[in-house]
Amino acid sequence: MMAQSRRTSKTSLIAVAQMKSTNDKEHNLDQVRTITERGKAKDAQFIFFPECCDFVGSHREETMRLSEPLTGPLVQQYKRLAREHNVWLSFGGIHESIIDSGDSEEQVQRIFNTHIVIDNTGELVASYRKLHMFNVVTPEFRFRESDTVQSGASVMAPIESPIGRIGLQICYDVRFPEVSTILRKRGAEILTYPSAFAVSTGRAHWEVLLRARAIENQCFVLAAAQIGFHNKKRESYGHAMVVNPWGTILAEADPTLDLDVVYAELDYAKLDSVRANMPCFEHRRDDVYNLTALKDLRYTSDSTKREEYRFGSFLIEPETIFYESEHCFAFTNIRCVVPGHVLVTTKRPAARLPDLTPPEINDFFQVVCKVQKAAERLYDATSSTITVQDGPDAGQTVFHVHCHVMPRHVGDFPENDQIYGELNRHDKEPERPRRPVAEMAAEASRYRAKLFQLGL
């Protein structure tokens, strides 16, 4: 396994960049090339770039115009760079453009601030959309990121890499410690905060926040940074930084340089000793307080490591699972009452809704709503039947909490409520064969794509 092979080397050399992006994308790409060449010359295994490494727009309309999808030419250049230099690259925040028809025929452009990771073969192995929008008013400046950028919808599980398990975050996310704690609980050894931090808040909080996230989670913290004036209205603090799990600053970029690269060895013997000597996460009172978060394994770099999940006594084929949260998962159906009919169930095999804990209930219905939205978009529906058969007298035959999500259309049944009779019969009729796994997997792939497109 990657994590095990990483530990055999004891240390991993990484490079963290400081740069000054403008609205000149080609100039910014030249900086990325220079930094990559410097990192490779030092034999860094992984190079980390800051937020807005693609560009910093002067105004909203320019940002919308310069943004690209992840399939666009800029990401292709990034992939080529990683492949040619045989190095992993983290681009800590690029402007991801998605064109969506929405609920009408009019096309709508949406922008996400997306952290992507590309491996040394040039494959895009992870993409995380920034959760928290920087909408603030201070005595020094006013900034509303949400005027241009849409927030992401899920916490992404840590990804496996040659240097360890990495939790992906972006800039303002550093002020929300709950997420970093969730990432640590899910196995993160490294937390990333690529940033374009404002100068006034940077002077006050940059180092304090980064060291706090490292200390409380006993993780390495890597924070690539933008620096200097990007345009007349926007300036970034710089001070790209690497912090170890004890809170010690291992490296910090020169605040007088518009382009700098710092290097650090991630000593996992130090991480192991900190966690062993002060086992804070063993001391957490999960019986008194806890954290719940959603994740979607579409974003992980190793989908083959999915846990084995069952629905009642049935083992669910991994390729038919299209969404996963902390407590639930959604999968395609072996027999459908209507096209697009899918199921959401809990990981813990609770028999009925009242058997669920409050976090499980909250998670369950959040996932149901997300799946419903994707189903209606995917099957061009404006309505859905959402039903839980809770108990044998309600038609429950698999005694494991689950919800049926069925997109509806005008006239799909002569009488609307006939769907419930069909639902009661759909898994009992021998003349209705189960669908091939390949067909179910193909539908799951379409659901995954639609969820991603919708930012869910």
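In which loop is the place of C52?

## Two residues with positive phi

In this predicted model, C52 is placed in the loop that runs between strand 2 (46–49) and helix 3. Although C52 is not a glycine, its phi is positive, at about 60 degrees. The relative accessibility of C52 is 6%, and C52 therefore counts as buried, the cut-off being under 20%.

Q218 is likewise not a glycine, and its positive phi is about 55 degrees. The loop that holds Q218 lies between helix 6 and strand 10 (220–223). With a relative accessibility of 2%, Q218 also counts as buried.

## Helix 5 and its surroundings

Helix 5 covers residues 177–185. Its buried residues include V179, S180 and T181, and I182, L183 and R184 are buried in this helix as well. Which elements cover these residues? The cover includes two strands, strand 8 (166–168) and strand 9 (190–192). It also includes helix 6, helix 7 (268–277) and helix 8 (280–283). Just after helix 5 comes G187, which takes a positive phi of about 110 degrees.

## The packing of helix 5 and helix 6

The axes of helix 5 and helix 6 are 10 Å apart, and the two helices pack at an angle of about 35 degrees. Is their crossing left-handed or right-handed? The crossing of helix 5 and helix 6 is right-handed.

On the side of helix 5, the residues that take part in the contact are P177, S180, T181 and R184. They meet R213, E216 and N217 of helix 6. By class, this contact brings together one nonpolar residue, three polar residues and three charged residues.

## The largest pocket

The largest pocket holds about 890 Å³ of space. Its lining is made up of 36 residues, and those closest to the centre of the pocket are R142, F143, R144, E145 and R234. Which elements give two or more residues to this lining? They are helix 3 (60–66), strand 7 (142–144) and helix 6 (199–217). Sorted by class, the lining of the largest pocket has 13 nonpolar residues, ten polar residues and 13 charged residues.

## Cavities

How many cavities of 30 Å³ or more does a search of the whole structure find? The search finds three. The second largest cavity has a volume of about 50 Å³. Its lining includes K25, D54, F55, L66, S67 and E68, and P69, L74, V75, I94 and H95 also belong to it.

At least two lining residues of the second largest cavity are supplied by helix 4 (73–85), and at least two by strand 3 (88–100). The classes in this lining are six nonpolar, two polar and three charged residues.

## The loop at E123

E123 is found in the loop between strand 4 (108–118) and strand 5 (124–129). Is E123 buried, exposed or partly exposed? E123 has a relative accessible area of 48% and is partly exposed.

When neighbours within four places in sequence are left aside, E123 is in contact with V117 and I118. R83 is 40 residues away from E123 along the chain, and the C-alpha atoms of these two residues are separated by 8.4 Å.

Terms used:
Residues are numbered from 1 along each chain as its sequence is written. This is a predicted model: local features need pLDDT of at least 70, side-chain atom pairs count only at pLDDT 80 or more; totals for chains, interfaces and linings use all residues. Side-chain values use heavy atoms; hydrogens and water are left out. On a 1 Å grid over the protein atoms alone, a cavity is a set of points where a 1.4 Å probe fits but cannot get out, and a pocket is an open set with protein on both sides within 12 Å along at least five of seven lines; lining residues have an atom within 4 Å of a point. Grid points are joined across faces, edges and corners, and a volume is the space filled by probe spheres set on the points. Helices (H or I, at least four residues) and strands (E, at least two) are DSSP runs, numbered from the N terminus. Ala, Val, Leu, Ile, Met, Phe, Trp, Tyr, Cys and Pro count as nonpolar, Asp, Glu, Lys and Arg as charged, and the others, Gly among them, as polar. Axes are lines fitted to C-alpha atoms, for helices over the stretch in contact, and angles run from 0 to 180 degrees between N-to-C directions. A crossing is left-handed if the near helix is turned anticlockwise from the far one by less than a right angle, and right-handed if clockwise. Contact means heavy atoms within 4.5 Å. Buried means under 20% relative accessible area, exposed over 50%, partly exposed in between (1.4 Å probe, protein chains only).
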